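Student: Please take a close look at a single part of this model, the surroundings of the ligand. I would like one connected account with the cut-offs stated.

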Amino acid sequence: MIKDTIKQILTKTESIGSEITVEGWVRTKRDTKEIAFIALNDGSCMGNLQVIAEKNNISEETLHRLTTGASCAVTGTLVESPAQGQAVELQASAIEVLGDCPSDYPLQKKRHSFEFLREIGHLRARTNTFGAVARVRNALTMAVHNFFQENEFFNVHTPLITASDTEGAGEMFQVTTLPFETFDSSRGIDYSRDFFGKKASLTVSGQLSAETYATAMGRVYTFGPTFRAENSNTSRHLAEFWMIEPEMSFCDINGNMDLAEDFLKYVLSYVLENCKEDMEFFNKFVQKGIIDDLKAVISSEFTRISYTKAIEDLETSGKTFEFPVSWGIDLASEHEKYLTEEVYKGPVIITDYPKDIKAFYMKLNDDGKTVRAMDVLVPRLGEIIGGSERENRHDVLLDKIKAMGLEPEDYWWYLDLRKFGSVPHAGFGLGFERLVQYATGMTNIRDVIPYARSAKNCEF
Ligand code: ATP
Ligand code: MN
């Protein structure tokens, strides 16, 4: 039989009077002359179960060992709690210490800086904040699958090892079994001797493979790890992150924007509905007012503007930006934040970017200068989604591949999708950690994934 978690017990007023055994870790212990009050947590929720240990029932030695962080099994009677904010508490008849926790346990204080907690990545999930992040992340995972399944998308598992560079940006981690020891730089690298017989890397996006399934099954999505060797030490970039990528046949950029907007509203509503306790914690301690902010986003209509309009907005803002603004630049995070936080005060979808700053697969507009890209920007973060309608004309795509200095032979199968029954199609990529950041208000992306990987950082 699976035992009840503390989350279940805390709401079980119908079990009042029955004898139960509960396991968990001691968060705090407070003593009076006759009684010890132990706050027990098992990670199932933010709340603790209050254990009442009367000193004539529980030995002095046992109570002494129940320090912060120690694990134990408590048997006792569930009783109605006289204390405020909790329905029940546990009147202990026996306590077994499962694991002692000596005084060098790093989580003694009530509050620690996130910087400090990053150095103890193996323990930080035992704090309120990181437990809450993990639970919200879990709920968001569920919400993502629910949304797509309810909308008749098929989940496909695209490969992590690939021979093509989706973004053409060269930020890939190479995968090789060639021996470094015998490498002779004067002779170059003979990839035919490598494991795959050619150069291979970890994927930066599942999109190209997702397109092969979208052009067979209509609507698909991927949800898996992606890797980018970007040396940018920002609060919103990781070297290993999870990406959600829907891809739809018979869909243009407008349908794609509608999907992105519906999707964000759905998953945010799901979290507000299913993670009330954790969201109240974030609302109070991490990002004041986030619950109302998210509710406003859910009931708003996202602003949709072209890149050209966005540039005009920035140019006429009268603000001095660190990166100067002119038509053709890639928007920097300061520009994105200005547009969402100050001009439009909410999510903004920007479309029709200059073709030179976007990937080769985006559909060229009739002006010959811009592509049907769509980025979704949100306050606090900037870009959360990047997507586009895909170039579905074989010859235009071929020219684009050549013009960008890529090898058409590497994309023969991708070009085939435009040769055999080509259809208009579109999709986007959403960085899952950015979504967790946005939903929780956590400011650093390294704090919303269990083990962050970034440049010079691969501990735990
Ligand atoms: P940015 O300009 O912020 O680096 P990008 O233009 O490189 O983003 P895309 O290639 O469009 O991003 O990827 C799609 C989505 O994946 C982004 O909108 C973002 O949510 C997420 N993403 C991209 N790079 C990273 C990263 N290094 N770490 C975490 N998430 C990322
Ligand atoms: Mn990037």
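**The shell around ligand 1**

Tutor: Ligand 1 has 16 residues around it, and those that come nearest are Glu230, His237, Glu383, Ile384 and Arg434 (a residue is near a molecule if one of its heavy atoms lies within 4 Å of it). The model is predicted, with local features needing pLDDT of at least 70 and side-chain atom pairs pLDDT 80 or more, while totals for chains, interfaces and linings use all residues. Residues are numbered from 1 along each chain as its sequence is written, chains are lettered from A and ligands numbered from 1 in the order written, and side-chain values use heavy atoms, without hydrogens and water.

Several polar contacts (pairs of N or O atoms within 3.5 Å) can be listed. Glu230 places a polar side-chain atom 2.4 Å from a nitrogen atom of ligand 1. An N or O atom in the side chain of His237 is 2.6 Å from an oxygen atom of the ligand. Gly431 contributes a polar backbone atom, 3.0 Å from a ligand oxygen. On its own, ligand 1 has 580 Å² of accessible area (Shrake-Rupley method, 1.4 Å probe), and the protein covers 85% of this.

The largest share, four residues, belongs to β15.

By class, the shell holds six nonpolar, four polar and six charged residues. Here Ala, Val, Leu, Ile, Met, Phe, Trp, Tyr, Cys and Pro count as nonpolar, Asp, Glu, Lys and Arg as charged, and the others, Gly among them, as polar.

Notes. Polar contact = N/O pair within 3.5 Å; in protein donor to acceptor, adjacent residues only side chain to side chain. Helix = DSSP H or I, 4+ residues; strand = E, 2+ residues; numbered from the N terminus.
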